[in-house]
Amino acid sequence: MSEVLSNIRPADRVVLRESSLRNSMNAVAAGLSGVISLSRGDPDLPTPPHIVEAARNALLEGATHYTNSAGMPALREAIAQTMARDNGTAYDADEIVVTAGAQEAMSCVMLALINPGDEVVVPIPGYNTYHSAIDLAGGIPVFAVTTFDEDFSLKAAHIEKVLTPKTRMVCLISPNNPTATVVPPEEVIKIAKLCVDHDLILVSDEIYAKLVFDNHRVISPAALPGMHERTITINGFSKAYAMTGWRVGWLAAPASLIPALADIHHTVAICATAASQHAALAAITGPQECFVEMLGIYAERRRVMMRGLDRIGLPYATPGGGMYIYARVTDTGLSLDEFCLKALREARVQVSPSTFFGPGGDGFVRIALLRPVEEIAEAMDRLYKVFGRVTTSA
Ligand code: PLP
């Protein structure tokens, strides 16, 4: 009997990353009322009505079937044209695969291009599902560690330090999650050159690239000389158009890699949801005022949050883009777990601890700009009341 049941278990490749802090925070939050949650990366703003309307109409007109596996031709064309216009890339419509969010694109990239034992360089702190996607493919995530004193900005030098003969791919996420750091154009150029010199694939995750503040500038490495044939650009509609629940994104890759990527995408998902593709088409080809309005809302929230953190005395990385602020909490004299649990229990404010964003990350919290400005102001007041004025040590 036990011999038969020994097969009833997860595959060896599954690595469940248990977080006792995540569990304790969720348990505490469940028992509290009035918690202001600044921990999730899901925009609170609704999807603009014209986008919802396009999906509704499409459904009523029969968009209830599979589409072309790689995406509706009109959407692939619109994506290629928008990328060319906004970022100067030269991807053809046939070099676009529409996926169930950027998340699926990331898994397809790893499964289609990484062999067991290949090393993939990822920034930390960074979006940790890259690590899981690399694991899933049997690859080895290798960490390019960025630090607070460098504003967590990924540099070619961080990558160069960890290259080995087994390195196959480098992932660039700019603006980054959780640090909100934008990698400046001159550094992207250096990273691109490094990839050419070492014959590496560059994955450029540009999901936050439209959400950029002040004078920060995001460039697409795929548009740089010699980079089209080695760059995979990942993007999506979740963040820029408040469409997380629609599950639609894309990858853009050189034609030579498309058959492999499209085949894995077909195996994983067949195609992205038809109605969501119609919504995405309306988002990308329709009026962009909604997006400008959202950007203004996030900019105001960011200002209020920065003011609040300045008042408490918690230093943070320059939030050049994206939807977060990454603040250091070590000067409170508390451990990260103590800080997060005290913020939750006493201030009823939930934030994400840095240990969620890669090994070694400690002493920081990610605070999302994804609640109305009044709630953000209230959260900052509550944190001030609980922690008071913190004296910065460095
Ligand atoms: N890439 C980054 C850097 C993210 O932060 C996220 C989500 O938070 C994703 C990709 C996944 O986005 P999507 O909703 O398009 O799957």
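**Aromatic contacts, domain interface and backbone features**

Phe 152 is buried, because its relative accessible area of 6% falls under the 20% cut-off. This and every other value here comes from a predicted model. Across the whole structure, a search returns 12 aromatic pairs. One of them joins Phe 148 to Phe 152. Its ring centres lie 6.0 Å apart, and 45 degrees between the planes makes the pair tilted. Phe 148 is partly exposed, with a relative accessible area of 24%. The pair of Tyr 208 and Tyr 324 is edge-to-face, because the planes meet at 80 degrees, over the 60-degree limit. The centres of these two rings are 5.7 Å apart. This pair links distant parts of the chain. Tyr 208 sits in the loop between β6 (201-205) and β7, whereas Tyr 324 belongs to strand β9 (residues 324-328). The two residues are 116 residues apart. Both tyrosines, Tyr 208 and Tyr 324, are buried.

Aromatic side chains also gather in a group. Phe 148, Phe 152, Tyr 326 and Phe 364 make up one aromatic cluster. Two arginines lie over ring faces. Arg 22 is placed over Phe 356, at 3.9 Å from the ring centre. Arg 311 is placed over Tyr 384, at 3.8 Å from the ring centre.

The protein is divided into two parts: domain 1 (4-46 + 289-387) and domain 2 (65-285). Taken over C-alpha atoms, the domain centres are 24 Å apart. Contacts involve 32 residues of domain 1 and 32 residues of domain 2. The size of an interface is often expressed as the accessible area lost when the parts come together. Between domain 1 and domain 2, the buried area is about 2,900 Å². Carbon and sulfur atoms give 63% of that area.

Asn 177 lies in the loop between β5 (167-173) and α8 (185-197). Asn 177 counts as buried, at 3% relative accessibility. Leaving aside residues up to four places away in sequence, Asn 177 touches Gly 126, Tyr 127, Tyr 208, Tyr 324, Phe 357 and Arg 366. Phe 357 is 180 residues from Asn 177 along the chain, yet their C-alpha atoms are separated by 8.4 Å. The β5-α8 loop also holds Pro 175 and Pro 178. The peptide bond from Ser 174 to Pro 175 is cis, with omega near -5 degrees. The bond from Asn 177 to Pro 178 is cis as well, with omega near 20 degrees.

Most peptide bonds are trans, and most residues other than glycine have a negative phi. Asp 214 has a positive phi, near 50 degrees. Asp 214 is in the loop between β6 and β7 and counts as exposed, at 60% relative accessibility. Ile 270 also has a positive phi, of about 60 degrees. Ile 270 lies in the loop between α9 (258-269) and α10. At 29% relative accessibility, Ile 270 is partly exposed.

Helix α4 (residues 73-87) has 15 residues. From first C-alpha to last, α4 reaches 21 Å, close to the 21 Å expected at 1.5 Å a residue. The buried residues of α4 are Leu 75, Arg 76, Ala 78, Ile 79, Ala 80, Thr 82 and Met 83. In an α-helix, residues three or four places apart point the same way, because there are 3.6 residues a turn. The buried residues of α4 pack against the strands β2 (96-99), β7 (231-236) and β8 (249-252), and against helix α10 (274-285). Gly 88 follows α4 and has a positive phi, near 75 degrees.

Conventions:
Residues numbered from 1 in each chain as written. Predicted model: local features only at pLDDT ≥ 70, side-chain atom pairs only at ≥ 80, totals over all residues. Heavy atoms only, no water. Helix = DSSP H or I, 4+ residues; strand = E, 2+ residues; numbered from the N terminus. Expected span 1.5 Å × (residues − 1). Buried < 20%, exposed > 50% of the residue type's maximum accessible area, 1.4 Å probe, protein only. Contact = heavy atoms within 4.5 Å. Phe/Tyr/Trp six-rings, centres within 6.5 Å; stacked < 30°, edge-to-face > 60°. Lys NZ or Arg CZ within 6 Å of the ring centre and 35° of its normal. Domains from an automatic or database assignment. Buried area = accessible area lost by both parts, 1.4 Å probe.
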